[in-house]
Amino acid sequence: MSDLDQLTQSLARNLKRWRGERGYTLDALAARAGVSRGMIIQIEQARTNPSVGTTVKLADALGVSITTLLDYEQGPQVRIVPEDQVVRMWSTDAGSHTKLLVGTEVRGPFELWDWLLMPGDESSSDPHPSGTVELIHVTAGELTLMVDGTTYPVPAGSSVSFEANVAHAYRNDGDAPVEMTMAVQIPPAN
């Protein structure tokens with residue numbers, strides 16, 4: 001089974017499980033997430049691999065992290081994620097990609113991401129729930145961070161934090177790859 005097949009199967013199983021745990025009908029989850037009922041059915045039947053944006057919307061609506069949607073087996077309090085089990089969530093033909101390194105559900109979802117953003121590439125994100133915070137540390141290149149229509153240059157060695165409840169994007173306007181680590185803290189669902 002390919003990585004994509006495993007990802008699709010995990011997401012299908014876990015989306016259905018968490019929707020059931022929350023007591024949401026297909027229509028209720030669709031309304032909360034802003035994702036069509038048909039798309040949710042396709043995901044739960046493992047007939048499609050949704051975009052990162054759709055996956056984030058569903059996770060936010062369920063009050064869980066993407067990690068939880070992709071990995072049901074949480075295990076003991078100490079959780080080591082071997083390199084070969086890191087989940088690649090987004091990639092481009094140019095070689096840009098994101099990897100979800102690890103996450104937890106303690107006091108709301110908390111995720112740690114590894115990013116590689118090739119020159120000219122961009123990844124946009126819809127607003128997350130109110131209270132969501134992102135922390136980024138750039139280790140190579142210069143990130144162009146866009147938050148609510150304002151652009152912020154973040155050079156290598158610099159870090160940035162921001163409230164992610166507005167539209168935001170990560171862009172590489174330079175000639176060299178941008179490497180960065182991102183932590184995302186999402187408040188618990190009410």
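At roughly what angle do the axes of H2 and helix H4 cross? Select residues 52-62 for H4 and look at H2: the axes cross at roughly 110 degrees and come within 8 Å. That makes H2 roughly perpendicular to H4 (65 to 115 degrees). Axes are lines fitted to C-alpha atoms, for helices over the stretch in contact, and angles run from 0 to 180 degrees between N-to-C directions. Helices are DSSP runs of H or I, at least four residues, numbered from the N terminus.

This is a predicted model: local features need pLDDT of at least 70, side-chain atom pairs count only at pLDDT 80 or more, and totals for chains, interfaces and linings use all residues. Residues are numbered from 1 along each chain as its sequence is written, and side-chain values use heavy atoms, without hydrogens and water.

Show the side chains next. Leu29, Arg32 and Ala33 of H2 meet Lys57, Leu58, Ala61 and Leu62 of H4; contact means heavy atoms within 4.5 Å.

Now select H2 (residues 26-33) with H3 (residues 37-44). They pack at an angle of about 110 degrees, axes 9 Å apart. That makes H2 roughly perpendicular to H3. On the H2 side, pick Leu26, Asp27, Leu29 and Ala30. Their partners in H3 are Arg37, Ile40, Ile41 and Glu44.

Finish with H1, residues 3-22. H1 and H3 pack at about 120 degrees, with axes 7 Å apart. Leu11, Ala12, Leu15, Lys16 and Arg19 of H1 make the contact with Ile40, Ile43 and Glu44 of H3.

Notes
Helices (H or I, at least four residues) and strands (E, at least two) are DSSP runs, numbered from the N terminus. Angles under 35 degrees count as roughly parallel, over 145 as roughly antiparallel, 65 to 115 as roughly perpendicular and the rest as oblique.
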